[in-house]
Each structure stands twice: as C-alpha cells, then as structure tokens.
Amino acid sequence: MSINDKPFLSVRDLKVHFPTDDGLVKSVNGLSFDLEKGKTLGIVGESGSGKSVTSLSIMGLHRAGGKRGAPQISGEIWLDGEDLVAAGPDRVRKLRGQKMAMIFQDPLTAMHPYYTVGAQIVEGYRAHHPGVSKREARKRAIEMLDRVGIPQPDKRVDNYPHEFSGGMRQRAMIAMALVNDPSLLIADEPTTALDVTVQAQILDLIRDLQKEFGSAVIIITHDLGVVAELADDILVMYGGKPVERGPAATLFESPEHPYTWGLLGSMPRLDRELQDRLTPVKGTPPSLINVPSGCAFHPRCPYAELTGGRSTTEVPVLAEAAPQHHAACHLPIAERHRIFADEIAPRL
Amino acid sequence: MTDSQTAAPQTATVPAPAPASDREPLLRVTGLTRHFPVTKGLFKRQVGAVRAVDGIDFSVNAGETLGVVGESGCGKSTMGRLVTRLDEPTGGKIEFEGADITHLGVGAMRPYRRDIQMIFQDPYSSLNPRHTIGTIVGAPFRLQKVATEHGVKKAVQDLLELCGLSPEHYNRYPHEFSGGQRQRIGIARALALKPKMIIADEPVSALDVSIQAQVVNLLDDLQQELGLTYLIIAHDLSVVRHVSDRVAVMYLGKVVEIAERDSLYASPMHPYTNALMSAVPVPDPRRKERRERILLTGDVPSPLNPPSGCRFRTRCWKAQDICASQEPPLTAAKAGHQVACHFPENSATE
C-alpha cells in the first residue's frame with residue numbers, strides 16, 4: 001500500500017442501519033478496510049455479524065426505500081477514486097457488473113429460472129457493451145463458460161439453470177460475474193451450498209481466475225478453512241464491528257482477539273489430534289438492536305473481568321498488536337499473548 | 001403379532017445401554033434398498049428408479065456412535081429416514097434389538113418409536129411455530145400415553161434443563177429462540193421418552209460455528225449420561241470425526257467404506273474417502289502450499305442410472321477395466337475396516 005495513492009477499494013467508517021418496528025438494527029457499525037488489486041480479503045463472522053450487509057452496501061444493492069424507510073448508510077466507500085456512498089444510483093448501476101461484480105451463495109435463487117444460462121450471461125455483457133451484437137455476446141458467453149470449466153460450453157449455453165448441477169451453476173454464476181472483467185469481485189459464501197469435493201474445485205477456480213485477471217477479491221464466509229485457502233488478509237467481524245484484522249498467516253498463527261480464539265477453538269479440525277471436547281464460545285451472538293455496551297463481545301468473553309470494567313463501558317478500537325495486525329480488545333497486549341500461549345494455543 | 005412384539009420394548013424403558021445379548025448389535029441393517037420410482041405418462045408407467053439407497057449393510061452396537069458421511073445425493077438422509085421408518089424400504093431388512101421392523105405398520109411400529117428417535121437438520125422447520133415449547137416437548141408423552149411421575153410439565157422442564165435451556169421457556173414459542181436453542185429444543189423432544197437410539201440427520205450443519213460446538217458437546221454429554229446410541233448423518237468430515245466411534249462413507253447409495261474412526265481417518269482405503277478428506281479446507285494458511293490435494297473432476301453421477309461396476313469409477317484416478325465390469329464387494333481389509341474397492345489404498349502399509 002503506497003501512501004500517496006489511494007488503495008483500489010477503501011471503506012471508511014461504514015455504517016448501515018435499518019429502521020424497524022423494534023428499533024434501529026445496527027448491522028454494520030463502523031467498518032474500515034482497504035483492498036488492493038490482485039489481493040484477496042476474507043471477511044469472517046457468524047450470522048448477523050454484518051458481513052453480508054457490508055458486501056451488499058459496496059454493491060449498492062440495499063433497496064432505496066422499503067415500507068419502513070430506507071436503510072441509513074453513512075461513511076465512505078472509495079472504489080478506484082470514486083465514492084460509492086455519495087454517488088447516485090445511476091452511476092452505481094453503471095459500475096455494478098462493469099467494475100464490481102458479485103457471486104452469491106445460492107446459485108439457484110440468484111439465477112432466473114425462465115431464462116437460459118447463456119441468455120443471462122449475454123444480458124450482463126450487452127448491458128455494459130451496448131454496441132455488441134447478439135452473436136458476439138453469445139460467443140463471449142460460450143468463451144466464459146469454457147473458461148470456468150463447463151464441459152461442452154457451446155451446448156450448455158442453451159441450458160436452463162435447473163439443468164445444471166449445483167457446482168456447475170456456481171461456475172456459471174462466476175462466468176456471469178466475470179463477463180465484463182470486473183476489477184472487484186465479491187464472493188458471498190460462494191461454496192457454502194456445495195459439497196466438499198465441489199467446493200475444492202470452485203475455490204481453485206476463484207484462485208486461478210484471480211491470478212489471470214488480477215482483480216481484487218472479497219470473500220465472505222463463516223468457514224475459517226475456506227478463508228485460509230484463499231485470503232491474503234482476514235477481517236473478523238462481530239456484532240457489526242471489526243474485531244481483528246491482519247495477514248492470514250499471522251492471524252491464524254497468533255490470533256489476538258478472544259473471539260477469534262473462540263472461533264478457532266470451536267471448530268473440530270482434521271489436521272490436528274482429536275480432542276476430547278470442543279471449547280465453544282458460551283452464549284449466543286448479540287442482538288443488533290441492543291448491542292451490548294462497551295465491547296460487544298464482553299458477555300461471551302471469558303477474559304472480560306481482566307480489563308477492570310473497561311469492557312462494559314468503553315468501546316474498544318482496532319489497535320496495532322503486531323505489524324499490520326490489529327485487534328479491538330481492552331486486554332493489554334502482553335496479557336493477551338500470555339493467555340494465548342498458556343491457555344489457547346495448547347488446545348488448538 | 002402386535003402383542004408379542006410390543007411386549008419386549010415397552011418393558012425396557014430404562015435408558016441404560018441394555019446389554020441384552022453381548023454381541024447382538026442394537027441396530028442391524030442388511031441389504032437395505034430404497035428405489036423411488038420414476039413414472040411417465042397417463043398410466044404412471046414406471047420408466048426407471050432413483051436408486052437412492054441401493055443395498056447397504058451395517059450395524060450399530062449399543063452405546064456407540066456410527067457416523068455416516070457422504071456428499072449430497074449419496075442417500076445418507078434417505079437411509080436415516082428408512083431406519084426410523086419414516087419411509088418404506090423397497091428391500092432389505094432392518095432389525096432393532098433382534099426384532100425385524102422393516103415392514104411394521106403404523107400401530108405395530110409405535111412401541112419402537114419410543115426407542116428410536118430422530119433429531120432433524122433444520123431447527124426452523126422441525127418445530128411447529130404455533131405450539132409452545134411445552135406442547136412441542138410434551139407431545140411424545142401424550143402421543144405415547146406415558147404417565148409421568150410429577151406431571152408432563154415437570155418432565156418437560158427437566159428435559160429443558162438437561163439440554164441447557166431454562167425451565168421458564170416452557171410457555172414460549174419457537175420464534176423466540178435462536179438456532180442453537182431451537183436445536184436444543186429438538187434434542188429435548190427426542191429425549192423425552194428416554195430412547196435407546198437417536199438418529200441425527202445433520203444436527204449441527206445449520207448452526208454457526210461457535211454454536212455448533214455447544215451442540216456437539218451437548219450430544220456428547222447426553223450420550224455419557226444416558227447411555228445413548230447415535231447414528232449421526234453429516235457431510236462435515238471433521239464433525240463426524242469428532243463425534244463418532246465408527247464411520248461409514250456413502251457414495252451413490254452404497255457404503256464404500258466403514259471402519260473404526262481412527263483407522264479410517266489415519267489410513268483411508270477407498271479412493272473416494274481419500275479425495276473427500278483431502279478436499280476439506282483446513283484453517284491453516286501455511287498448509288495449503290505443501291499438502292497434496294486430490295481434485296475430483298466433475299459431479300456425482302445420477303442415481304437414476306449409476307455407472308456399472310464400481311460407482312465411483314467415473315471419477316476415480318485408479319479405475320481399470322475390472323472396475324467397470326465387476327462391482328467391488330464391501331470386504332474386511334483389516335481388523336475393523338471394511339472397504340469396497342478393487343484397488344484399495346493404504347493396504348500395504350500395515
């Protein structure tokens with residue numbers, strides 16, 4: 001990251017709040033990160049941590065006004081020198097598909113069942129290339145299907161989504177997302193609905209395509225294994241806020257935040273000795289309407305008492321714990337390292 | 001017929017792992033098949049069959065946990081529904097405590113329902129939204145007309161406590177609970193009649209990671225406390241490894257490998273098991289460079305028209321002519337380790 005140039009994607013203090021009858025749902029409440037071209041950022045968190053809402057607001061896909069009023073979006077999202085929060089819907093619509101594209105979790109609901117796969121890819125291509133003839137666009141669609149590894153693409157292009165298997169549908173959706181060579185690709189749980197053997201194929205495909213096109217990729221998932229496969233940097237979210245951010249290698253080797261410890265400890269792992277018991281995170285994820293005071297994680301944190309009450313009163317901010325590695329925790333760094341070395345690391 | 005068969009299981013309501021006869025497994029399944037007919041035309045002429053479960057054999061001993069893994073469409077859920085008799089097998093035999101329950105009718109099956117209970121995958125659709133938790137968890141008592149010592153309410157509250165919920169939840173509705181809590185409610189309901197065996201179909205796959213571990217630990221505690229026998233169906237190999245004593249791997253309606261847990265995970269013999277394990281993403285970025293991964297190409301073939309011989313041969317890198325012509329039987333390759341493959345791996349290592 002150079003100092004003078006702005007990074008390719010830069011999110012600054014993003015807040016997305018939804019007004020509801022029960023109160024304001026603070027889905028994302030102060031999120032900042034940067035992403036360069038050619039790099040992959042993994043956003044990890046449980047359901048309700050705000051990871052999908054983040055991706056939808058980057059794409060400008062939050063409905064402008066529902067029955068209960070529009071979501072309140074504030075902060076800045078700079079994509080290649082342009083602020084998407086301030087830009088009008090028409091401008092965002094131009095960028096969407098062209099400069100940024102998204103892969104959704106469930107390809108069967110994300111694709112239109114009445115149109116052939118080819119027609120849907122062609123539509124995306126021609127929307128951003130008005131001068132292109134149908135024949136050329138179709139050629140481009142076949143080319144893309146071939147690129148994502150669909151056998152007999154010249155025949156498959158005329159199939160409907162239901163004629164594809166789950167893995168092929170996900171491939172077709174990747175083809176659709178990449179048809180305009182976007183420089184930002186957001187993959188929201190791209191493999192959650194797939195079997196492990198197919199998941200491995202899709203993860204490989206995303207990795208290869210990124211190398212080929214050099215785009216920036218955000219991968220959103222709850223599976224720490226999937227981010228470890230793909231991501232260069234990882235952002236862990238909890239209750240709408242980032243709790244830890246750092247390079248993948250250091251984050252997995254020496255995680256700083258007790259929530260990250262909890263996530264790692266609660267996963268059974270094939271690459272480790274079998275443990276007698278898993279160590280779950282106690283309690284349940286917080287309500288986003290009444291987010292716990294201070295550190296949102298404090299009701300579930302086994303070390304909250306060690307901060308002398310700061311956990312309940314003061315909101316922690318991301319602070320550097322190691323080079324490029326930030327964590328939002330009130331525990332003193334030395335104390336955190338001691339706890340991790342003594343209590344957490346032996347269990348992982 | 002009903003009288004003689006109902007007598008035995010009804011007297012045995014104690015949850016202890018009844019060691020009736022020493023080596024008699026609690027559940028034994030032989031040659032179990034389920035073909036779903038595919039019909040065509042006005043007269044519903046049968047033109048084919050989806051061979052969801054196509055001849056599987058296994059047994060589960062009292063007090064142990066058998067894990068069943070496989071990809072979607074391999075028939076593992078259908079197998080679970082057959083064993084609980086929620087679906088009618090087209091062939092084969094299911095024996096529970098030595099009694100044949102394969103084709104029992106609704107009435108004759110009822111006494112066995114107390115002993116075999118099920119936990120479902122989706123805690124959002126497996127609880128009736130219009131019923132209170134008290135009604136849901138108390139339903140088994142009413143349906144089976146079981147008398148409780150201090151009334152149904154007390155029994156339900158005890159169950160809720162056993163599963164880590166609060167007795168005050170008795171009058172609440174399912175929508176007031178989170179996914180993990182709902183799954184606990186489902187578990188409480190399954191435990192109501194002190195069953196001997198619990199069949200859990202993907203019990204944790206709909207839950208968040210941190211909650212998943214809570215439920216896995218709860219299942220573990222309950223097994224030790226109540227001496228339960230589990231048949232756990234899941235697609236997640238690491239969860240299955242954590243909970244099981246023995247593991248069966250299914251592919252296209254067949255069991256391709258069944259073994260003691262440690263033997264299976266340390267030295268998988270079927271190429272498919274090997275490929276499955278190498279495909280599991282591991283939360284360790286340093287490992288991704290140096291591990292060798294077996295990438296399977298393509299998708300699982302259709303169970304409408306499975307490949308001849310070995311069903312895995314179309315995706316197998318070791319396949320030869322014999323694999324297409326001859327179906328490999330499930331045979332014991334070493335102690336406690338059965339595999340159905342003509343060219344098993346890791347066999348020379350021992």
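User: How many residues of chain A and chain B make the contact between them, and what makes two residues count as being in contact?

Analyst: The contact draws 39 residues from chain A and 36 residues from chain B, where two residues are in contact if their C-beta atoms, placed from the backbone, lie within 7 Å. This is a predicted model, in which local features need pLDDT of at least 70 and side-chain atom pairs count only at pLDDT 80 or more, while totals for chains, interfaces and linings use all residues. Residues are numbered from 1 along each chain as its sequence is written, and chains are lettered from A and ligands numbered from 1 in the order in which they are written.

User: Which helices supply the side of chain B that touches chain A, and what are its residue classes?

Analyst: On that side of chain B, α7 (209-226), α8 (237-243), α10 (271-279) and α11 (287-290) each supply at least two residues; helices here are DSSP runs of H or I with at least four residues, strands are runs of E with at least two, and both are numbered from the N terminus. The largest share, eight residues, comes from α7(B). The residues of this side divide into 16 nonpolar, ten polar and ten charged, with Ala, Val, Leu, Ile, Met, Phe, Trp, Tyr, Cys and Pro counted as nonpolar, Asp, Glu, Lys and Arg as charged, and the others, Gly among them, as polar.

User: Why are α8(A) and α10(B) called oblique to each other?

Analyst: The axes of α8(A), residues 196-213, and α10(B) come within 8 Å and cross at roughly 50°; axes are lines fitted to C-alpha atoms, for helices over the stretch in contact, and angles run from 0 to 180 degrees between N-to-C directions. Angles under 35 degrees count as roughly parallel, over 145 as roughly antiparallel, 65 to 115 as roughly perpendicular and the rest as oblique, and the two helices are therefore oblique to each other. In this contact Val196(A), Thr197(A), Gln199(A) and Ala200(A) meet Ala275(B), Leu276(B) and Ala279(B), which by class gives five nonpolar, two polar and no charged residues.

User: What makes strand β8(B) largely enclosed by the rest of the structure?

Analyst: A residue is buried if 20 or more other C-beta atoms lie within 10 Å of its own, exposed if 12 or fewer, and partly exposed in between, with C-beta atoms placed from the backbone. Six of the six residues of β8(B), residues 229-234, are buried, so the strand is largely enclosed. Thr229(B), Leu231(B) and Ile233(B) point one way, and Tyr230(B), Ile232(B) and Ala234(B) the other way.

User: How do you know that β3(B) and β7(B) pair with β8(B)?

Analyst: Two strands pair if DSSP finds at least two bridges between them. Five bridges join β3(B), residues 65-69, to β8(B) in parallel, with Gly67(B) opposite Ile232(B). Five bridges likewise join β7(B), residues 197-201, to β8(B), again in parallel, and here Asp201(B) stands opposite Ile233(B).

User: Why is His337(A) called partly exposed, and how is α11(A) covered?

Analyst: His337(A), which is found in α13(A), residues 333-344, has 15 other C-beta atoms within 10 Å and is therefore partly exposed. In α11(A), residues 258-266, nine of the nine residues are buried, and the helix is mostly covered. Those buried residues pack against α9 (224-230), β9 (233-238), β10 (241-247) and α13 of chain A together with α7 of chain B.
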